[in-house]
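Below are some points on the pockets, the ligand site and the backbone of this entry. Please read them beside the model.

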Amino acid sequence: MEKKRILVGITGGIAAYKVPQLIRLLKKAGAEVKAVCTPWALRFVGDETLRTITGFPVYRDGQEFYDIEHIRLAEWTDLLAICPATANTIAKMAHGIADNLLTTTAISILPEKILLAPAMNTAMWQNAATQENVAILKKRGMTMLPVGEGELACKTIGPGRMLEVEEIAGIILSRLTPEPILAGKKVLISLGPTEEPLDPVRVMTNRSSGKMGAALARSALKFGAQVVLVSGPVTVSLPDAARLVKVRTAAEMREAMLREFGEADICVMAAAVSDFRPLSVAASKIRRTEGQRLTIELAANPDILAELGRLKEQRYVVGFALETDDGEASARRKKAEKGCDMMILNKADDALEADTTRMTLFTGSEAESFPLQSKTEAADCIMRRIAGLAG
Ligand code: C5P
């Protein structure tokens, strides 16, 4: 297998002295590691030490590097792990500031490929500015490790310690070499809204970005599955490794899902299917006249998930329930009515068009609630649970 390439970003916190040990653990596990430092980091950890342990020059400001070094580093790496991440660097990243080689590199990398291990004094950690900046980075999809509690360098006792390097190394390595828990499985995922035409230019639709479906697809691919996506109109980027079937209306989605369902082992209906469609579609653009009242007669669309639930046999079928109130009872009812193995409850306020979600999974008679997390993390939880439960 190809060596994983890890870029360790080091900022100016006392915990930087532990980073050579982290790099040693990552290298021992077979990874290639480069270190990129802020100017202050090098007051806590030696350039010579990092160069010797990584086997590469230390990437830092003021060196005679190629002037697009940040882009080259961004393209080189599979994961940027910023350990320790100070309040200052977290704040700069939250606001898109790129004033040194590390922050310039960070802004050139997809948020999903960035992990931060914060370390700072308790008051700095608990400061509202830091907490808001942490929330911003999480919302963009970065992985923010928790802080540990204990005696800090400043002798205060409280939260703010960097996690132990053994724990950080374990998290980094499991992120980069996920278990093939869905190897050999075919996963069919619907996503995005559907559009129901009223006339040649107008449509009825649902608010849906497709972000959850895209995250589920990435997660399933990462765990070794083959993925087919049946997608309504979305602008979110979808993984190239998945086969894409584009649809527009609920009727087209139904047809595509029924066609692809035969081959699938696992099916996740993450699409926001329009429940209704205009009964008739005007042949030309409907004209507006002053003071006019227009009545449009709607017909109910077929419930695709319920139909798949009836045909499912040994397949594992998952649905989503997006509710505007607490919704537990309706999620349980929908799970039974639609014949699903798993129903995932989201609240509209938390999930719609966002990069994060707060979900509850209903399987059998069990319910499992998760805290607010990125859709990338939520998708991994869902796929792990499916892998454990699907035959
Ligand atoms: O009943 P409700 O629309 O809340 O159910 C949501 C679940 O059912 C989602 O998984 C959605 O993709 C699916 N659904 C469907 N066909 C419809 C409406 C919803 O498959 N017509």
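From which domains does the lining of the largest pocket draw at least three residues each?

1. They are domain 1 (5–176) and domain 2 (186–281 + 296–390), with bounds taken from an automatic or database domain assignment. This is a predicted model, in which local features need pLDDT of at least 70 and side-chain atom pairs count only at pLDDT 80 or more, while totals for chains, interfaces and linings use all residues. Residues are numbered from 1 along each chain as its sequence is written, and side-chain values use heavy atoms, with hydrogens and water left out.

2. The volume of the largest pocket is about 1,300 Å³. A pocket here is an open set of points on a 1 Å grid over the protein atoms alone, where a 1.4 Å probe fits, with protein on both sides within 12 Å along at least five of seven lines; lining residues have an atom within 4 Å of a point. Grid points are joined across faces, edges and corners, and a volume is the space filled by probe spheres set on the points.

3. Of the 35 residues lining the largest pocket, Glu112, Arg175, Arg218, Lys222 and Thr376 lie nearest its centre. Helix 9 (211–222) is among the elements that supply at least two lining residues, and it gives the most, with seven. Helices (H or I, at least four residues) and strands (E, at least two) are DSSP runs, numbered from the N terminus. By class the lining has 13 nonpolar, eight polar and 14 charged residues; nonpolar means Ala, Val, Leu, Ile, Met, Phe, Trp, Tyr, Cys and Pro, charged means Asp, Glu, Lys and Arg, and the others, Gly among them, are polar.

4. The second largest pocket has a volume of about 840 Å³. Its lining has 36 residues, with Ala271, Ala272, Val273, Phe320 and Leu322 nearest the centre. Helix 9 supplies at least two residues here, as does strand 16 (316–323).

5. Residues around the ligand (a heavy atom within 4 Å) include Ala271, Val273, Leu305, Phe320 and Lys338. Among the polar contacts (N or O pairs within 3.5 Å), a backbone N or O atom of Ala271 lies 2.7 Å from a ligand oxygen, and a polar backbone atom of Leu305 is 2.8 Å from a ligand oxygen. The side chain of Lys338 places an N or O atom 3.0 Å from an oxygen of the ligand. The protein covers 87% of the 450 Å² of accessible area (Shrake-Rupley method, 1.4 Å probe) that the ligand has on its own.

6. Two backbone features deserve a look. Cys83 and Pro84 are joined by a cis peptide bond, with omega about -10°, and Pro84 is in strand 3 (residues 79–85). Lys155 has a positive phi, near 80°, and sits in the loop between strand 6 (148–151) and strand 7 (157–161). Most residues other than glycine have a negative phi, and most peptide bonds are trans.

Technical notes
A polar contact is a pair of N or O atoms within 3.5 Å; within protein, one must be able to donate a hydrogen and the other to accept it, and residues adjacent in sequence count only if both atoms are side-chain atoms.
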